[in-house]
Amino acid sequence: MIFKITDIIKDAGNGEWNEDDIIITPDCIAVIDGATSIKKIEFEGHETYAKWLVQEFKKNFLAEYKSECHIPSYVKQCIDTIIRKYPLPDISFYQKPTFTFSAIQIVGSSLKCFTIGDCSIYIKEKNNSKIVTVYDKRVDKFSHRTLLQLQYAKRNNLDIESHIRETRITNLNYRNKPDGFWVVGYDGNFEDEFIEKEFDIRHADSFLICSDGFNRAFREFALYTPMDFFTHKINFKQALDAIRKYEEANHEAPDFPCVKRSDDVSAVLFTTVS
């Protein structure tokens with residue numbers, strides 16, 4: 001069995017560059033979502049450290065990937081290789097680049113799912129309308145805390161940027177710590193913190209992995225459901241147009257349900273073939 005792509009999209013959000021990306025191999029597909037830094041700093045020809053780390057990681061992942069490897073261990077191996085080459089001693093803890101990550105891998109007759117951070121995996125089961133979601137909810141309370149501060153600042157005509165910055169710095173103190181949230185990056189034993197699920201490949205039909213910038217079409221905006229894509233009722237380009245239209249029309253409202261007006265988008269829809 002190998003994977004077959006049926007739809008794919010990548011698009012930049014607020015900036016002119018995309019800190020997301022997608023990894024595709026015959027038996028492993030993943031979405032990476034780089035975390036925007038507190039301060040924009042260019043590095044190694046990239047607009048931000050986050051974009052650099054995502055691209056450097058993708059290059060390392062594809063260079064040494066072997067079928068049926070344990071994904072969390074391999075992700076850590078790739079990061080360790082990057083850290084040895086780029087230790088970044090002059091960059092503070094708060095500026096160290098990180099990313100969230102979700103992947104599906106074929107291992108024998110099983111599908112293995114791995115996620116850390118706020119990318120999402122949706123799996124449609126065969127012969128029914130049930131969809132299984134694999135998501136790391138540990139980050140949600142911290143994202144919600146930032147959103148509440150944004151909405152409070154909007155309603156009270158306060159400095160939105162400073163309110164968000166202060167809350168993000170507070171949240172970062174919980175990064176890769178017990179009772180906090182987990183991401184891939186320079187700190188913490190994150191390889192032990194992936195959410196892992198396993199399914200019989202015979203019982204799965206179609207798969208969707210996306211970054212939170214695309215997931216807002218389901219969660220925050222309620223424009224579509226994953227089933228709309230599994231049944232090909234709509235494609236990614238049409239969905240992206242609807243997301244951007246909703247953001248443009250509603251981002252100034254005090255109750256706009258996202259911190260960023262527009263976020264980077266990465267999404268991939270696929271199935272298995274013999």
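Mentor: A residue counts as buried when its relative accessible area is under 20%, as exposed when over 50%, and as partly exposed in between (1.4 Å probe, protein chains only). The structure is a predicted model, in which local features need pLDDT of at least 70 and side-chain atom pairs count only at pLDDT 80 or more, while totals for chains, interfaces and linings use all residues. Residues are numbered from 1 along each chain as its sequence is written, and side-chain values use heavy atoms, with hydrogens and water left out.

Trainee: What is the angle between the planes of the aromatic pair Phe142 and Tyr174?

Mentor: Rings of Phe, Tyr and Trp (its six-membered ring) pair if their centres lie within 6.5 Å; planes under 30 degrees apart are stacked, over 60 edge-to-face, and the rest tilted. By this rule the count comes to 28 aromatic pairs. Phe142 and Tyr174 form a tilted pair, 5.3 Å centre to centre, with an angle between the planes of 40°.

Trainee: How many residues apart are Phe142 and Tyr174?

Mentor: Helices (H or I, at least four residues) and strands (E, at least two) are DSSP runs, numbered from the N terminus. Phe142 is in helix α3, whereas Tyr174 is in the loop between α4 (160-172) and β8. The pair therefore links distant parts of the chain under these element limits, and the separation in residues is 32.

Trainee: Does Phe142 count as buried or exposed?

Mentor: The relative accessibility of Phe142 is 3%. Because the cut-off for burial is under 20%, Phe142 counts as buried.

Trainee: What type of pair do the rings of Phe214 and Phe218 form?

Mentor: Phe214 and Phe218 are both buried. Their ring centres are 5.9 Å apart and their planes are at 80°, so the pair is edge-to-face.

Trainee: Which elements do the buried residues of α2 pack against?

Mentor: Helix α2 (residues 71-85) reaches 21 Å from its first C-alpha to its last, and the expected span of a helix is 1.5 Å times one less than its number of residues. Its buried residues include Ile71, Tyr74, Val75 and Cys78. In contacts (heavy atoms within 4.5 Å), the buried residues of α2 pack against β3 (28-34), α1 (49-64), β4 (98-107), β5 (110-116), β8 (184-185) and β9 (195-200).

Trainee: Which residues does Gln151 touch, not counting residues up to four places away in sequence?

Mentor: Gln151 is in helix α3 (residues 140-155) and is buried, with a relative accessible area of 11%. Beyond four places in sequence, Gln151 touches Pro254, Asp255, Phe256 and Pro257.

Trainee: What contact distance joins the side chains of Arg244 and Asp11?

Mentor: Arg244 is found in helix α7 (residues 236-250). A polar contact is a pair of N or O atoms within 3.5 Å; within protein, one must be able to donate a hydrogen and the other to accept it, and residues adjacent in sequence count only if both atoms are side-chain atoms. The side chains of Arg244 and Asp11 are joined by such a contact, at 2.9 Å.

Trainee: How far apart in space are Gln95 and Lys40, C-alpha to C-alpha?

Mentor: Gln95 lies in the loop between α2 and β4 and is buried, with a relative accessible area of 10%. Gln95 and Lys40 are 55 residues apart in sequence, and their C-alpha to C-alpha separation in space is 9.2 Å.

Trainee: What is the phi of His232?

Mentor: Most residues other than glycine have a negative phi. His232 lies in the loop between α6 (226-230) and α7 and is exposed, at 58% relative accessible area. Although His232 is not a glycine, its phi is positive, at about 60°.
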